[in-house]
Amino acid sequence: MDADQPERTPDGRYIVVNGRRWRATDPEIPEEVAADLRRHLMAARRGVAAARRNQDPAAEKLARSRVHTAKVALGERGTPWWEQPVVERRRRWEDGAAELRAAAPPPGGSGGRPADG
């Protein structure tokens, strides 16, 4: 096992972190796409944290929605990827990536809602 990668269950469907199982990213997603989705996920998580610090419920709701969209696109939420035909899996990550790109904050943004102005 690669030291940088978490332990996986024998069926490959879950990773194990500190003894807890989490759904693994869909292995069919091309690495370039998965990396882009992870960048969106991490930006959205930073957006949640910033919104909480700023006590901005609207920005937090928007950022949490982006987290959810990224997690679904990665296959980590929603219908388990192993229960979907390949065509549905591809549609899931392509649609999720397009939605995240369309809703991406401007460069240097917090992942929350856009600034007024």
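Start by selecting Asn 18. Asn 18 counts as exposed, because its relative accessibility is 81% and the cut-off for exposed is over 50%. Keep in mind that this is a predicted model. Asn 18 sits in the loop between strand 2 and strand 3. Now check its backbone. Phi of Asn 18 is near 50°, a positive value in a residue other than glycine. The hairpin of strand 2 and strand 3 has two residues between the strands.

**Next stop: the sheet**

Select strand 2, residues 14–17, together with strand 3. The two run antiparallel, and four bridges join them. Pick out two of the pairs. Val 16 has Arg 21 of strand 3 as its bridge partner. Ile 15 is bridged to Trp 22 in strand 3.

The three strands form an open sheet in the order 1-2-3, with antiparallel pairing. Which strands stand at the edges? They are strand 1 (7–8) and strand 3 (20–23). Each has a single partner strand, so one side of each is left without a neighbour in the sheet. While you look at side chains here, recall a general rule: in a regular strand they alternate between the two faces of the sheet.

**Zoom out: the whole chain**

Follow it along the sequence and the pattern reads β-β-β-α-α-α. Color the chain by burial. Of its 117 residues, 36% are buried. Then turn to contacts between residues at least 6 apart in sequence: 58% of them join residues at least 24 apart.

**Into the core**

Select Ile 29, Leu 37, Leu 41, Val 67 and Leu 74. These belong to the largest nonpolar core, which has 14 residues, and they touch the most other members. Which helices supply at least two residues each? Helix 1 (31–53), helix 2 (57–74) and helix 3 (86–102) all do.

Leave out residues up to four places away in sequence. What does Leu 37 touch? Its contacts are Ile 29, Ala 70, Ala 73, Leu 74, Trp 93, Gly 96, Ala 97 and Leu 100.

**The largest pocket**

Rolling a probe the size of a water molecule over the atoms shows where empty space is left. The largest pocket holds about 480 Å³ of space. Select Pro 6, Ile 15, Thr 25, Arg 38 and Glu 76: of the 16 lining residues, these are the closest to the pocket's centre.

Which elements give two or more residues to the lining? They are strand 3, helix 1 and helix 2. Helix 1 gives the largest share, four residues. Now color the lining by class. You will find seven nonpolar, two polar and seven charged residues.

**Last stop: another loop**

Select Gln 55, in the loop between helix 1 and helix 2. Is Gln 55 buried or exposed? Gln 55 counts as exposed, because its relative accessibility is 70%. Gln 55 is not a glycine, yet its phi is positive, at about 50°.

Definitions and conventions. Residues numbered from 1 in each chain as written. Predicted model: local features only at pLDDT ≥ 70, side-chain atom pairs only at ≥ 80, totals over all residues. Heavy atoms only, no water. Core = buried A, V, L, I, M, F, W, Y, C linked by side-chain atoms within 4.5 Å. Buried < 20%, exposed > 50% of the residue type's maximum accessible area, 1.4 Å probe, protein only. Contact = heavy atoms within 4.5 Å. Pairing = 2+ DSSP bridges. 1 Å grid on protein atoms, 1.4 Å probe; cavity = no way out; pocket = protein on both sides within 12 Å on 5 of 7 lines; lining within 4 Å. Points joined across faces, edges and corners; volume = space filled by probe spheres on them. Nonpolar A, V, L, I, M, F, W, Y, C, P; charged D, E, K, R; others polar.
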